[in-house]
Amino acid sequence: MIPDPAAEDVVARGVVAKILPFSAVDGPGNRAVVFLQGCDFDCRYCHNPETRAACIHCGECVPACPARALSIAPGPGLVSWDPARCTGCGACVAACRHDSSPKARLMEPAEVLSALSRYRPFLSGITVTGGECGLQPEFLEALLRESRAAGLPGLVDTNGSADYAALPGLVEAAEGFMLDVKAWDEAEHRALTGVSNSAVIASLRFLLSVGKLSEVRTVVAPGLLDAEETVGGVSAIVAASGRAVRYKLIRFRPQGVRAAWRDIPTPDDATMASLAAIARGAGLRDVVVV
Amino acid sequence: MSPALAVITDRTLTYQQKVAGLARVGESTESPLRIGPELRRYIDAGAICDLYEGSAPYRPRYIVPDYERFMSRGSAFLGLEPPRDIWEATAALLVLYRHVPSITTFPVYLGDIDALLQPFVADEAEARKAIGLFLLSIDRTINDSFCHADIGPDATAAGRLILELTREQKNAVPNLSLKYEAGRTPDDFAALAASVALEVAKPSFANHAMFGREFRDMGLGDYAIASCYNGLPKGGGSCTLVRLNLAKAAPLAAGLADFSSRVLPDVVARQLEYMDERVRFLVAESGFFESSFLVKEGLVRADRFSAMFGIVGLAECVNAFSGGARFGKSDEADALGLEIIERIAALVAAHRTPLLAANGGAYLLHAQVGIDDDRGVSPGCRIPIGEEPDLPEHILRSAPFHRFFPSGIGDVFAFEPTAKANPRHLLDIAKGALASGLRYFSAYAADADVVRITGYLVKRSEIERLGRGEQSLQDTTALGRNAVNNLGVLERRIRS
């Protein structure tokens, strides 16, 4: 037998936080969403902070689980999660003090696709998100390739921190990218996320230039972020590119965020309409408010 | 107060509703059906129920006219020539609707209205006006939402206009089905249908490949979706619908073994006996098939009438015998459910009536959606409200039941209003559901005024009007109000 060179490659594995079979809000059509664990931004309004950090196996979540789905495996003392027992109550992530989850699993792309196979007739594609999926580029590329081969094109939902210009294979494998631009002002972005927005703006320009940007989004949190400036800045760049890109303006909602941010109000219709008008005024045709 | 006087003095009934109510009171003064004591016991226990069909059937319960024939030939009885333009076409149909009987006194099937009207769409603006008035007339004069129009599977200009006008008018009547077939129904047309469904709770998606294949195999040819979601032979219909309430039959057994070996075969046999008797009176004594112009002019044919064997409350029946395992959650419970349905299907298929030629005299199985005074009885084979699993799981657990019910079964799903921003999401789910074996898929957004109660549509605002002691144009509003109270239909799990 002639050896298959591909079979000898190391299979890229990734840390998967969770898989959601159906989603209406992660790209066009009905899409399965694969959340990767780990993020390099520390957004104060993060809606799923349990996907930020890797599990350090401290074991604090184990006694918090009412369904006894968590245990500490003998030997290396790693926290182990039993999906069959899990009721999805969320007590483990509530107990975690490290922005992590005991449910994240090391998976191969084939395992992810196998978990989705029964939902295949219902799906337009997959969307890989996080955490920040760009932090696991080898796995992300492999997953996108295998998913595409299985008839499920993959969108990448990213914070834009990765240098996509240096990842041509990944960019080619993706059907498109959905990019969050959280704040146009550098100081504001640092205050919100802890890091600079220069990589984000570079990703916006690069993905536009190669025609791979499907959607750009901004979360609107009145009083905390200058959404007018951000929407204006993003719209100008998108309009100048001449590409047909959807701009989605997302109302801040308190569900899932850390306790300190739960009292922030959701913006009203008038606020959202005036921001949409800014984007449309810049020449964008596909502006969506959610 | 006598039943007639109660109808006469009811302040919440419109004049038309009183006339229909008094007709029911009048019919109930006659008892020509032969009902034996064994059957009577099941009726009294609620295990067999004729859904208030009346004690002396004088018209088939569901009539599915061959409107194509009417459009090409007109009607001698009605003195109508075949229509020549969109105004004549819509007027001719509205005239005929007035004369199509059914259990509700209103027509339960209005035709494949896109295909009927498409030949007359010349100028789009004029067609929009004509079809708009046609739909408005239907809602304002056919005051019962068990009235169903079909569109598809092909996209047409008329079909698009019907969908757009449905979205604009936001009426409860008519109920609407899109006959959807993968590879035939274009995506943009189906996506338009999905977006309209999220605004007005219609159209539903009917599995055209599945219905078409089955009706061909039964030798019945073309089919229509009528009333709630009933698949019936076009140019015929269903003489009667009697239902077996499995939730009420289960307590009559000493246990699962007794249910399977004694109660189930006996109650099925008694229901078949009752259906035979209702069919006998309608066919042999009522004179309908000898006298109606619909029959004389070939708009319906006696040999295209069957009858529907309904079942309801499978979930409660299974749960009664599953020792804590729940239908819709446990594989074992679902397997028991399938076993019960397979058993019923075999018993019904083995029974033939010599009075009906359609399908060799065998009745068609139907998953009945319930009646407004049901309590703790889930429609057909549906998973109970309040116990619905995640959406993909829900669809995949429901699908295996659908193939048994050519005369109708369906599931209803409520979506977050945010789904309106992405109608292709709903379309993908509908496509996947049909590809997975679902026969009929209905959806609505949780904030819509028009909502699907069980199979029919009612406006929440009309229910509120009735709640204030005012009249409501549609007689189904009262049914919807009771179903909201008794079945919790507004408590369906919201899918995000």
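Author: Let's begin with a term: a polar contact is a pair of N or O atoms within 3.5 Å, where within protein one must be able to donate a hydrogen and the other to accept it, and residues adjacent in sequence count only if both atoms are side-chain atoms. Between chain B and chain A there are eight residue pairs in polar contact, both residues being at pLDDT 80 or more. That cut-off is there because this is a predicted model, in which local features need pLDDT of at least 70 and side-chain atom pairs count only at 80 or more, while totals for chains, interfaces and linings use all residues; side-chain values use heavy atoms, with hydrogens and water left out. To find your way around, residues are numbered from 1 along each chain as its sequence is written, and chains are lettered from A and ligands numbered from 1 in the order in which they are written.

Now for chain B's side of the meeting place. The helices α17 (391-402) and α18 (423-435) of chain B each supply at least two residues there (helices, H or I, of at least four residues and strands, E, of at least two are DSSP runs, numbered from the N terminus). Of the elements on that side, α18(B) gives the most, with eight residues. By type, the side of chain B that touches chain A splits into eight nonpolar, four polar and four charged residues (Ala, Val, Leu, Ile, Met, Phe, Trp, Tyr, Cys and Pro count as nonpolar, Asp, Glu, Lys and Arg as charged, and the others, Gly among them, as polar).

Counting both partners, 16 residues of chain B are in contact with 15 residues of chain A, contact meaning heavy atoms within 4.5 Å. About 1,200 Å² is buried between the chains, with carbon and sulfur atoms giving 65% of it; buried area is the accessible area (1.4 Å probe) that two parts lose on being put together, summed over both.

There's also one salt bridge between chain B and chain A, meaning a side-chain nitrogen of Lys or Arg within 4 Å of a carboxyl oxygen of Asp or Glu. Its partners are B:Glu393 and A:Arg118, at 3.0 Å from N to O. Side chains of opposite charge can pair when their charged atoms come close.

Across the whole structure, a search finds 52 salt bridges over all chains. In one of them, B:Glu164 and B:Arg128 have their closest N and O atoms 2.6 Å apart. This pair links distant parts of the chain, B:Glu164 being in α8 and B:Arg128 in α7 (residues 124-141), 36 residues apart. B:Glu164 is partly exposed at 25% relative accessible area, and B:Arg128 is partly exposed at 26% (buried is under 20%, exposed over 50%, partly exposed in between, with a 1.4 Å probe and protein chains only).

B:Glu277 bridges to B:Arg280, with 2.7 Å between the closest N and O atoms. The two are three residues apart in helix α12 (residues 256-285) of chain B, so about one helical turn separates them. B:Glu277 is buried at 8%, and B:Arg280 is buried at 15%.

Over in chain A, salt bridges join up into a network: A:Asp157, A:Asp180, A:Lys182, A:Glu215, A:Arg217 and A:Lys248 are linked in it.
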